[in-house]
Amino acid sequence: MVDEELRGIIELARRGDQDAFAKLVTRFKGHVYRYAAGMLGDRMDAEDAAQEAFTKAYFAMGKLDDAHAFFGWLMQIVTNHCKDKLRQRMKRFETGDMPDETVPDTSAADPAVKMSIEEALGRLSIEHRETVLLHDVQGFRYDEIAKLTGIPIGTVKSRLFTARMSLRKLLDKGEGE
């Protein structure tokens with residue numbers, strides 16, 4: 001729910017008020033960064049993604065119809081940007097255009113050492129990672145996730161269940177899927 005003060009700030013930002021938009025950035029930068037870091041698995045990429053998402057949001061503020069929808073709208077921008085980044089990474093990896101140091105060497109890992117949650121999230125598919133982050137980290141409800149991602153609620157629930165089971169397996173055994 002958007003309180004009256006926040007609604008006023010959003011309305012000012014929609015009209016091009018840079019100070020108002022700066023207040024929005026201050027208020028939401030932690031959410032955006034944490035989500036991007038979870039999706040991308042890299043702090044520098046997450047910082048870049050957050051900055052780029054806020055830049056896109058600034059220039060698109062006039063298109064926002066409802067102040068109540070601001071946070072979901074912003075998170076959709078971040079989600080789309082992160083998915084694009086991950087697709088670009090995958091293309092570079094598939095074409096062999098990635099430097100060796102960016103490709104994790106899972107064979108060198110000690111199987112007795114359990115992987116971190118961040119590493120386990122990085123092994124999930126983009127769709128599963130997105131669903132876990134939106135629900136378990138950002139606190140979105142099933143219906144909100146369905147609207148953000150454009151998939152049915154049943155698919156959201158299924159993805160969340162599958163992602164959690166995969167995470168449990170990865171964290172318990174420290175092995176790949």
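What follows is a conversation about the words used for this structure and the values behind them.

Mentor: This is a predicted model, in which local features need pLDDT of at least 70 and side-chain atom pairs count only at pLDDT 80 or more, while totals for chains, interfaces and linings use all residues. Residues are numbered from 1 along each chain as its sequence is written, and side-chain values use heavy atoms, with hydrogens and water left out.

Trainee: What is the mean pLDDT of the protein, and where does pLDDT stay under 50?

Mentor: The mean pLDDT (the predictor's confidence in each residue, from 0 to 100) is 82, and 84% of the residues reach 70 or more. Over residues 98-114, however, pLDDT stays under 50, and the model has 9 contacts beyond four places in sequence for that stretch, where contact means heavy atoms within 4.5 Å. Where pLDDT is low, the predicted coordinates should not be read in detail.

Trainee: How many helices and how many strands does the secondary structure come to?

Mentor: The secondary structure comes to 8 helices and 0 strands, where helices (H or I, at least four residues) and strands (E, at least two) are DSSP runs numbered from the N terminus. Read from the N terminus on, the elements run α-α-α-α-α-α-α-α.

Trainee: Why is T131 called buried?

Mentor: Buried means under 20% relative accessible area, exposed means over 50%, and partly exposed lies in between, with a 1.4 Å probe and protein chains only. T131, whose place is in helix α6, has a relative accessible area of 1%, and therefore T131 is buried. Not counting residues up to four places away in sequence, T131 touches I145, V156, R159 and L160. In the protein as a whole, buried residues make up 35% of the 177 residues.

Trainee: Why do D19 and R27 get the words they do?

Mentor: Both residues are in helix α2. D19 has a relative accessible area of 59%, so D19 is exposed, whereas R27 has 43% relative accessibility and therefore counts as partly exposed. Leaving aside its neighbours within four places in sequence, R27 is in contact with D3 and L6, and the C-alpha atoms of R27 and L6 are separated by 9.7 Å.

Trainee: What makes a group of residues a nonpolar core, and which have the most contacts inside the largest one?

Mentor: A nonpolar core is a set of buried Ala, Val, Leu, Ile, Met, Phe, Trp, Tyr and Cys residues joined through side-chain atoms within 4.5 Å. The largest has 48 residues, and those with the most contacts inside it are I10, L24, M61, F70 and W73. Several helices, including α1 (4-14), α3 (43-60), α4 (70-94) and α8 (153-173), each supply at least two residues of this core, and its largest share, 10 residues, comes from α2. Not counting residues up to four places away in sequence, W73 touches A57, A60, M61 and L64.

Trainee: Why is α2 called roughly antiparallel to α6?

Mentor: Axes are lines fitted to C-alpha atoms, for helices over the stretch in contact, and angles run from 0 to 180 degrees between N-to-C directions. Angles under 35 degrees count as roughly parallel, over 145 as roughly antiparallel, 65 to 115 as roughly perpendicular and the rest as oblique. The axes of α2 and α6 come within 9 Å and cross at roughly 150 degrees, which makes α2 roughly antiparallel to α6. The contact is made by Y35, G38, M39 and L40 of α2 and I126, R129, E130, L133 and L134 of α6.

Trainee: How do you know what to call the arrangement of α7 and α8?

Mentor: Their axes come within 8 Å and cross at roughly 105 degrees, and therefore α7 is roughly perpendicular to α8. Here Y142, D143, I145 and A146 in α7 meet I153, V156, K157 and L160 in α8.
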